[in-house]
Amino acid sequence: MHKALVACRAGVGSSLMLKIKTEQVIKENGFPIQVEHSSLDAVPGFDGDLLITLADVAKELETQGLKQTIIGINNIVDKIEIESKLSQFLNR
Amino acid sequence: MLSEMIKEEFIQLRIDASDWEDAIRKSASPLLNGGKITAEYIDKIIETAQTSGPYIVVTKHVALPHAPTQFGALDLAMGITTLKTPIASGNKANDPVKYLFCMSAKDSETHLESMAELVNLLSDQKFYQVLDTAEKPMDILNYIIETE
């Protein structure tokens, strides 16, 4: 089971919506991923292996040398985008 | 429920905005006037958007202006603003922005159900038709109540 953190800048709006949609995709596909969400403040203390966020935030995180795989989502209601990026992570 | 976060006076139709910052400020003004956020909260949204990009643009044509709770989110609330002329935010995948859902929340859990409803609405083509054709704020609020 992989542990994923859905994080955005505030932790109350976009990350919450992204978590809801990501969990729908995970459930429908039976992906072995467990999701929690928070603001970016929680990223340094997160011990899982996947970070899911909006695309522009992902670009910023990628420059920080984090150990986790980072997935950036452009469109939070696009299940196909979320599904294909999660599949890519699982099959890497 | 989402409709409990939104008041009729928080909904503004076909607003003129001169640029991205103006669009954010106008989308936030009903929440400021309604005592749901402070002026600092609006400045924080704009400062974050300026320093780290259009993080609040979440899907095609839709922005969700909001900031962390500690910067002046006084109460749970959401406003809906449609723009007369769509505005570029710098988010290549989803520009131009036409609909702004300015929100404030005091924690990250109590509005989980409301946000799930909003996610569903943002996947619903009919909702965008309602946003485009509404003649008065209640037309939008009634549609949200109907779908709950």
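Leaving aside neighbours within four places in sequence, B:Thr82 is in contact with B:Gln12, B:Leu13, B:Arg14, B:Ile15, B:Lys98, B:Tyr99 and B:Leu131. This is a predicted model. B:Thr82 belongs to strand β4 of chain B, which runs over residues 77-87. Its relative accessibility is 5%, and buried means under 20%, so B:Thr82 counts as buried.

The part of chain B around this residue also carries a record. In an unreviewed UniProt entry, the annotation "domain: PTS EIIA type-2" covers residues 4-147 of chain B. Helix makes up 42% of residues 4-147 of chain B and strand 20%, and the end C-alpha atoms of the span lie 13 Å apart.

In chain A, two helices can be followed as a pair. Helix α1 of chain A spans residues 14-29 and helix α3 of chain A spans residues 79-91; their axes come within 10 Å and cross at roughly 65°. Angles of 65 to 115 degrees count as roughly perpendicular, and α1(A) and α3(A) are therefore roughly perpendicular to each other. The crossing in which α1(A) passes α3(A) is right-handed.

Which residues meet where α1(A) and α3(A) are in contact? From α1(A) come A:Leu18, A:Lys21, A:Thr22, A:Gln24, A:Val25, A:Ile26, A:Glu28 and A:Asn29, and from α3(A) come A:Lys79, A:Ile82, A:Glu83 and A:Leu86. Sorted by class, the contact of α1(A) with α3(A) has 5 nonpolar, 3 polar and 4 charged residues.

Conventions
Residues numbered from 1 in each chain as written. Chains lettered and ligands numbered in written order. Predicted model: local features only at pLDDT ≥ 70, side-chain atom pairs only at ≥ 80, totals over all residues. Heavy atoms only, no water. UniProt positions renumbered as here; feature names shortened; annotations may be inferred. Helix = DSSP H or I, 4+ residues; strand = E, 2+ residues; numbered from the N terminus. Axes fitted to C-alpha atoms, helices over the stretch in contact; angles between N-to-C directions. Parallel < 35°, antiparallel > 145°, perpendicular 65-115°, else oblique. Left-handed = near helix turned anticlockwise from the far one by under 90°. Contact = heavy atoms within 4.5 Å. Nonpolar A, V, L, I, M, F, W, Y, C, P; charged D, E, K, R; others polar. Buried < 20%, exposed > 50% of the residue type's maximum accessible area, 1.4 Å probe, protein only.
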